Amino acid sequence: MKYIAPVQIISLLLLFGLASCQEPSRVAETSLPLPSHRQLDWQEMEFYGFVHFSINTFTDMEWGLGDESPEKFNPTELDTRQWVKEMKDAGMKGVILTSKHHDGFCLWPSQYTEHSVKNSPWKDGQGDVIAELAEACEEFGLKLGLYYSPWDRNHSDYGKPEYITYMRNQLQELLTNYGDIFEVWFDGANGGTGYYGGANEERRVDKRSYYDWENTYALVRELQPNAVIFGDAGPDVRWVGNEKGYAYPTTWSYLMRDSVYAGMPEYAELYASGQEDGTHWVPAEADVSIRPGWYYHPEEDDKVKTSEELMDIYYNSVGRNSALLLNFPVDTRGLIHENDVQALQEMAARIMRDFSVDLLQDGQVKILSPSKGQHGPENVLDNDMATYWIVNEEVLEVDFGQEITFNRFWVQEHIPLGQRVKSFTLEAKQNGQWQPIASETTIGYKRILRFDDTQATAIRFRVDDYLETPLISQMKVFLADNSR
Ligand code: FUL
């Protein structure tokens, strides 16, 4: 049954008058760093899957040494359709697969190495995991992304200039043969010791210069112009700085990109939450595994995160101006384990439940605010990310006409014109009095606040501080499941 909300009244209370009223054309004239089209497309994906699968799956390791025999890779029931179907059903928009992890084993039959599926017993060496995943993605309508570890503990040339040619040759294969790729994920980890073609030694590289990133990025751009490139320093999407899947209460999409390099030790502390005065648009992606490890370990079958934990992750990533990349350690059969599937399904049901009825949407909406042409406050209710309310220091008030109960507040900025809000306040009208619910900092693409069940006849929203005239695109209120 459709929930019918009481009549709502939205009004603008002018706090400081209209003297500083910004014209729509002026708000576009900004000096803020802005997202590219590929970053905007990526941001709307919000929630997508990660798969760690390799020889490590069969050796029960997290980081293979590089000397493992390809003979060990032998999934008995590999089914990429199962992975993609479960992800799709959970509302994920894409999947990123570890094409090559630190141990150097390739999940596709690369012509540049023998250390790949082509020398494994799986499908008598005729298989290609990436091709199978690309096909499943096509069937279910998910986007495909590829993780590629720059560090390679198998390759004899690792540390020498020749290895960079090897890496680019492999990227050429990966970014040419499998259709559209939405994200290329470069891991920042660089450990040192390895097999390195039998040398068994420690090899350190200069993380700033060795990979000649500029030219590697140019190759990615040439082959997959719509793909975002992930790395600690972006250039398009940055690491959130922890492996818990949590962004920060203050999360900027701006980064002082040129001060950062992949694998820098001080990254998490200094750069992970972004910077108000960052020079480039490099939004955060929060990565986390559904189990303690990234790879499958049978002893972790009963350590799968609960749907409560997964919902904390969801609210602390998607609800904090970050995307969520949730990892599945595919098992030795080549399947997402039943326990992981169950946790994912429970999480998906909770997401559906929490956001099923927008209390600002249903029912009649009456606008009392002075007309502001096409950029009035009614735009926050229209479910259209392309429209927005230009906030000229007004307070937005929504009157429900009767008491309602709610515990979530969802707000989005119009990020094609940047991230502008520095702080905001939400209040609830209770027994005729305004009471504060929350005073928070950044919004960005999406901010979702969780709080206790709150009864109120009205709410009001105020931007307290901002970089430039705030542009609010969407606002929603929900009564979600607060039980644990
Ligand atoms: C890290 C790696 O060392 C882990 O094995 C995993 O791949 C994680 C996503 O990134 O840097």
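Which atom of the ligand is 3.0 Å from an N or O atom in the side chain of tryptophan 63? It is an oxygen atom of the ligand. The structure is a predicted model, in which local features need pLDDT of at least 70 and side-chain atom pairs count only at pLDDT 80 or more, whereas totals for chains, interfaces and linings use all residues. Residues are numbered from 1 along each chain as its sequence is written, and side-chain values use heavy atoms, with hydrogens and water left out.

A polar atom in the side chain of histidine 52 lies 2.7 Å from an oxygen atom of the ligand, and an N or O atom in the side chain of aspartate 187 is 2.6 Å from a ligand oxygen atom. A polar contact is a pair of N or O atoms within 3.5 Å; within protein, one must be able to donate a hydrogen and the other to accept it, and residues adjacent in sequence count only if both atoms are side-chain atoms. Of the 290 Å² of accessible area that the ligand has on its own, the protein covers 91% (Shrake-Rupley method, 1.4 Å probe).

The residues surrounding the ligand include Phe50, His101, His102, Tyr147, Trp185, Glu243, Asp287 and Trp294, where near means that a heavy atom of the residue lies within 4 Å. This shell divides into six nonpolar, three polar and three charged residues. In that scheme Ala, Val, Leu, Ile, Met, Phe, Trp, Tyr, Cys and Pro count as nonpolar, Asp, Glu, Lys and Arg as charged, and the others, Gly among them, as polar.

Aspartate 152 lies in the loop between strand 4 (143-148) and helix 6 (161-174). With a relative accessibility of 1%, aspartate 152 counts as buried (under 20% relative accessible area; exposed is over 50%, partly exposed in between; 1.4 Å probe, protein chains only). A polar atom of the aspartate 152 side chain lies 2.9 Å from the backbone nitrogen of asparagine 154. Leaving aside neighbours within four places in sequence, aspartate 152 is in contact with residues including His102, Tyr163 and Tyr196 (heavy atoms within 4.5 Å).

Glutamine 345 belongs to helix 10 (residues 338-354) and is partly exposed, with a relative accessible area of 43%.

At the level of the whole chain, the domain assignment gives domain 1 (38-354) and domain 2 (358-478). Their centres, taken over C-alpha atoms, are separated by 36 Å. The contact takes 20 residues from domain 1 and 18 residues from domain 2.

Methods:
Helix = DSSP H or I, 4+ residues; strand = E, 2+ residues; numbered from the N terminus. Domains from an automatic or database assignment.
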